[in-house]
Amino acid sequence: MAVSAPAVTSTGPSAATPVRARKARRGHLLTSRDKVVLGVMVAIPTLIQALVIWIPMLLSVGLSFTRWNGLSLSDIKSAGGANYSFVLEDYPPFWPAVQHNIIWLLFLAVIGTPLGLLLAVLLDQNIRGSRIYQSIFFVPVMLSLPLIGIIWQLMYARDEGFINNLIGTAGTPSAVDWFGNSNVNLWAALIAATWRHAGYVMVLYLAGLKGVDPALKEAASIDGANETKTFFQVVFPSMRPINIVVVVITIIEALRAFDIVYIINKGTNGLELISALVVQNLVGEGQVIGVGSALAVMLLVVSLVPITIYLSRTFSKDA
């Protein structure tokens with residue numbers, strides 16, 4: 001009786017070849033065409049950002065140390081730090097503009113941001129018509145700041161404005177010139193800016209409140225904490241990432257404030273802001289490129305502080 005030979009199982013190099021081939025294929029999933037497409041997708045946004053942001057920024061830094069009338073490149077003369085000395089010591093609108101920017105920041109931080117937080121807390125209570133109210137308060141966020149400036153011009157107009165008509169002084173000598181009076185126009189512009197800022201903050205905090213673990217509220221309630229203590233001791237601290245974002249946004253909004261005051265009176269007569277001074281020196285017949293660039297660089301340096309803090313907290317291991 002014939003006995004069949006046992007099957008021989010190959011365990012040599014030939015058996016390992018298919019496994020190596022599969023691993024090699026997995027390691028080379030990107031074809032040459034994929035690499036080209038990926039390179040183009042990375043290169044185009046990088047080029048756009050360089051042309052729109054980085055190159056103009058570097059040019060501004062360089063021009064801040066020169067004297068130039070903006071007409072011919074041959075007219076560019078080195079000025080050292082003279083533009084910065086002029087801005088800090090001999091440029092009358094600068095320090096009022098710094099003061100107004102600080103007031104703008106404090107107003108948004110003390111009035112605008114808490115108002116947005118209050119709206120978010122109220123609308124998070126699942127009240128009737130909550131979606132409608134959210135849409136109403138969010139509408140200013142979708143509008144551009146120039147359009148908001150125009151809307152509030154109609155509200156603040158001395159003779160035909162809604163506010164003076166509401167208080168019954170329109171068309172009379174006692175009518176308040178909200179945008180023309182340097183004693184009140186800054187506060188009028190701040191109310192217009194807060195109208196938009198509060199809606200933006202409301203949306204951010206609504207998203208943060210939706211992400212709070214309900215178990216935290218239940219635990220606080222079991223411990224006997226009322227709604228106020230629960231919010232300030234449990235809910236608000238748990239929204240730390242949102243709080244950081246809101247603080248950074250508030251600072252940046254105050255620093256880059258420009259559109260509303262420029263529409264009102266081009267940033268003059270009590271509405272001086274650093275951003276408005278930059279435009280005044282870079283645009284128009286009396287342009288002073290070096291001074292405008294120096295102002296822009298100073299504003300950039302100040303703006304980098306909150307941005308750097310935010311990024312360091314965001315990407316740190318402890319965040």
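**Exercise 1: A helix pair**

Phe236, Pro237 and Ser238 of helix α10 are in contact with Arg240, Pro241 and Asn243 of helix α11. The model is a predicted one.

Task: Determine how α10 is oriented relative to α11.

Solution. 
- Two packed helices are described by the angle between their axes together with the distance between those axes.
- The axes of α10 (residues 227–238) and α11 approach within 5 Å, and they cross at roughly 75 degrees.
- Because angles of 65 to 115 degrees count as roughly perpendicular, α10 is roughly perpendicular to α11.

**Exercise 2: Salt bridges**

Task: State how many salt bridges a search of the whole structure finds. Then describe each pair and classify its residues as buried, partly exposed or exposed.

Solution. 
- The cut-offs needed for the classification are under 20% relative accessible area for buried and over 50% for exposed, with partly exposed in between.
- Lys210 has 54% relative accessibility and therefore counts as exposed. Asp124 has a relative accessible area of 14% and is therefore buried.
- In the pair Arg256 and Glu253, the side chains meet at 2.7 Å, N to O. Arg256 counts as partly exposed because its relative accessibility is 41%, whereas Glu253, at 14%, counts as buried.

**Exercise 3: A buried helix face**

Task: List the buried residues of helix α13 (residues 274–282) and name helices that cover them.

Solution. 
- The buried residues of α13 are Ile274, Ser275, Ala276, Leu277, Val278 and Asn281.
- Their cover includes α4 (94–123), α11 (240–255) and α14 (289–315).

**Exercise 4: A nonpolar surface patch**

Task: Identify the residues of the nonpolar patch on the surface and give their accessible area together. Is Leu59 buried or exposed?

Solution. 
- The patch is formed by Val36, Val40, Ile44, Leu47, Ile48, Leu51, Val52, Ile53, Trp54, Ile55 and Leu59.
- Together these residues have about 1,100 Å² of accessible area.
- Leu59 is located in helix α2 (residues 32–63).
- The relative accessibility of Leu59 is 53%, so Leu59 counts as exposed.

Notes:
Residues are numbered from 1 along each chain as its sequence is written. This is a predicted model: local features need pLDDT of at least 70, side-chain atom pairs count only at pLDDT 80 or more; totals for chains, interfaces and linings use all residues. Side-chain values use heavy atoms; hydrogens and water are left out. Buried means under 20% relative accessible area, exposed over 50%, partly exposed in between (1.4 Å probe, protein chains only). Helices (H or I, at least four residues) and strands (E, at least two) are DSSP runs, numbered from the N terminus. Contact means heavy atoms within 4.5 Å. Patches are made of residues with over 30% relative accessible area and no salt bridge: like charges are joined within 9 Å, nonpolar side chains (Val, Leu, Ile, Met, Phe, Trp, Tyr) within 5 Å. Accessible areas come from the Shrake-Rupley method with a 1.4 Å probe; for residues, only the protein chains shown count as cover. A salt bridge is a side-chain nitrogen of Lys or Arg within 4 Å of a carboxyl oxygen of Asp or Glu. Axes are lines fitted to C-alpha atoms, for helices over the stretch in contact, and angles run from 0 to 180 degrees between N-to-C directions. Angles under 35 degrees count as roughly parallel, over 145 as roughly antiparallel, 65 to 115 as roughly perpendicular and the rest as oblique.
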